[in-house]
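The sequence and structure come before the text.

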Amino acid sequence: MRIAFMGTPDFSVPCLRVLIEHGYDVVGVFCQPDKPVGRKQILTPPPVKELALQYGIRVLQPTTLRGGAGLALLQELEPELVIVVAYGKILPQDFLSYPKYGCVNVHASLLPKYRGASPIHWAILNGDSETGVTTIQMDAGMDTGDILRVAKVPISPDDTAESLFETLSVLGAETMLATIDDIEHGRANPTPQDHTRATTVGLLTKQLGDIDWTKSALQIHNQIRGLYSWPGAYTFLDGMMLKIHKASLTNVTSAKAPGTVVQSKDSLLVCCGDGRCIALTEVQLVGKKRMAAADFLRGHAVPVGTILTSAEKEA
RNA sequence: CGCGGAGUAGAGCAAUCCGGUAGCUCGUCGGGCUCAUAACCCGGAGGUUGUAGGUUCAAAUCCUAUCUCCGCAA
């Protein structure tokens with residue numbers, strides 16, 4: 001089967017890899033144009049492009065698919081099926097309807113929940129106990145197509161957005177293969193989504209990382225692990241931003257004001273809004289490297305009673 | 001040349017402005033002490049102060065260049 005692949009970030013890589021390894025005829029790979037990255041603004045190719053180049057697969061990086069531009073490329077590649085995994089652009093209708101088997105999208109949530117840009121993070125931010133991947137037959141809407149396959153996975157209390165990313169990208173690849181197999185053998189059974197239960201999530205912003213200590217310890221813990229390792233959660237210590245990379249829940253309770261440091265030996269134990277304390281175990285001060293809280297405390301005395309504040313209160 | 005911070009003992013920091021025996025907390029090693037604690041007391045080891053030049057009687061510190069790491073912004 002002639003397949004065109006569309007994807008850009010790390011999440012898409014396992015999918016493309018298994019397509020190649022299973023001998024599918026990948027006739028072309030679409031991804032976003034190279035972008036300047038990092039402090040030096042070095043032009044960096046997306047991860048998917050690098051993999052494609054290793055296998056000598058043709059890479060296409062159009063800035064737009066609209067106005068027939070995308071369709072023209074498809075007519076050149078003549079794919080029977082298009083697989084889309086975190087590509088990053090909306091596909092126009094003429095593009096969607098070109099391939100014999102249409103376009104299939106691999107989405108990292110249990111649709112119709114968390115349509116949109118950052119489903120993995122929101123599953124953790126909201127404290128969900130399970131998430132998964134869904135493959136859909138794409139239509140013109142954003143993640144609104146009929147469901148082909150679903151694979152669920154539990155979210156453990158230790159999971160971070162990063163660890164789930166890893167898990168779901170692999171699960172996504174497996175589910176994609178199964179879906180393609182269904183299509184090849186005429187077993188596909190598209191089921192419409194329950195649109196009344198749909199939720200949509202947007203792009204993450206840095207601002208989401210600002211910790212509001214009046215929230216419960218559980219909510220704050222979800223925030224820290226849901227935003228790890230990007231964009232990350234943070235708070236303010238003596239007017240300086242302190243990034244919180246890792247933290248763990250404790251059974252310690254305290255009647256102190258939310259944000260108060262109640263212990264600062266091996267970790268920073270901070271009182272939250274519901275009276276429970278959360279232990280900050282890996283932190284990073286502005287301009288410094290990330291380090292274990294115990295290391296941080298050797299060089300920075302944080303007296304018990306110090307109060308951590310949110311950006312809003314700083315301003 | 002987008003803005004800024006930082007390289008000092010195994011770890012985290014101080015001393016740098018104003019040049020003069022590199023210090024603190026922790027770890028580590030040895031000894032002591034206690035029914036006991038993230039215990040406490042005593043002692044030791046561990047450094048070409050990122051690199052290369054320059055100024056000076058003397059440079060972690062001042063000057064020049066260079067490498068690396070990091071925060072913001074994008």
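## Salt bridges, domains and sheet

The structure holds 11 salt bridges, a salt bridge being a side-chain nitrogen of Lys or Arg within 4 Å of a carboxyl oxygen of Asp or Glu. This is a predicted model, in which local features need pLDDT of at least 70 and side-chain atom pairs count only at pLDDT 80 or more, while totals for chains, interfaces and linings use all residues. Residues are numbered from 1 along each chain as its sequence is written, chains are lettered from A and ligands numbered from 1 in the order in which they are written, and side-chain values use heavy atoms, with hydrogens and water left out.

One of the salt bridges joins R58 and E76, whose closest N and O atoms are 2.7 Å apart. R58 lies in the loop between α2 (47-54) and β5, and E76 in helix α3 (residues 69-77), so the pair ties together parts that are 18 residues apart in sequence. Helices (H or I, at least four residues) and strands (E, at least two) are DSSP runs, numbered from the N terminus.

Chain A is assigned domain 1 (2-201) and domain 2 (206-314); such bounds come from an automatic or database domain assignment. The contact between them (heavy atoms within 4.5 Å) takes 13 residues from domain 1 and 10 residues from domain 2. Buried area is the accessible area (1.4 Å probe) that two parts lose on being put together, summed over both. The table lists values for the domain pair.

| Domain 1 and domain 2 | Value |
|---|---|
| Distance between C-alpha centres | 35 Å |
| Buried area | about 860 Å², 57% of it on carbon and sulfur atoms |
| Salt bridges | 0 salt bridges |

I124, L125 and E162 supply 45% of the area that domain 1 buries against domain 2, more than any other three residues. On the side of domain 1 that touches domain 2, α5 (119-125) and α6 (161-184) each supply at least two residues. The most comes from α5, with 4 residues.

An open sheet of 7 strands runs in the order β5-β2-β1-β6-β7-β9-β10, with mixed pairing; two strands pair if DSSP finds at least two bridges between them. The edges are β5 (59-60) and β10 (146-154), each with a single partner strand, so one side of each is left without a neighbour in the sheet. Strands β1 (residues 2-7) and β6 (residues 81-85) run parallel and are joined by 5 bridges. M6 has V84 in β6 as its bridge partner.
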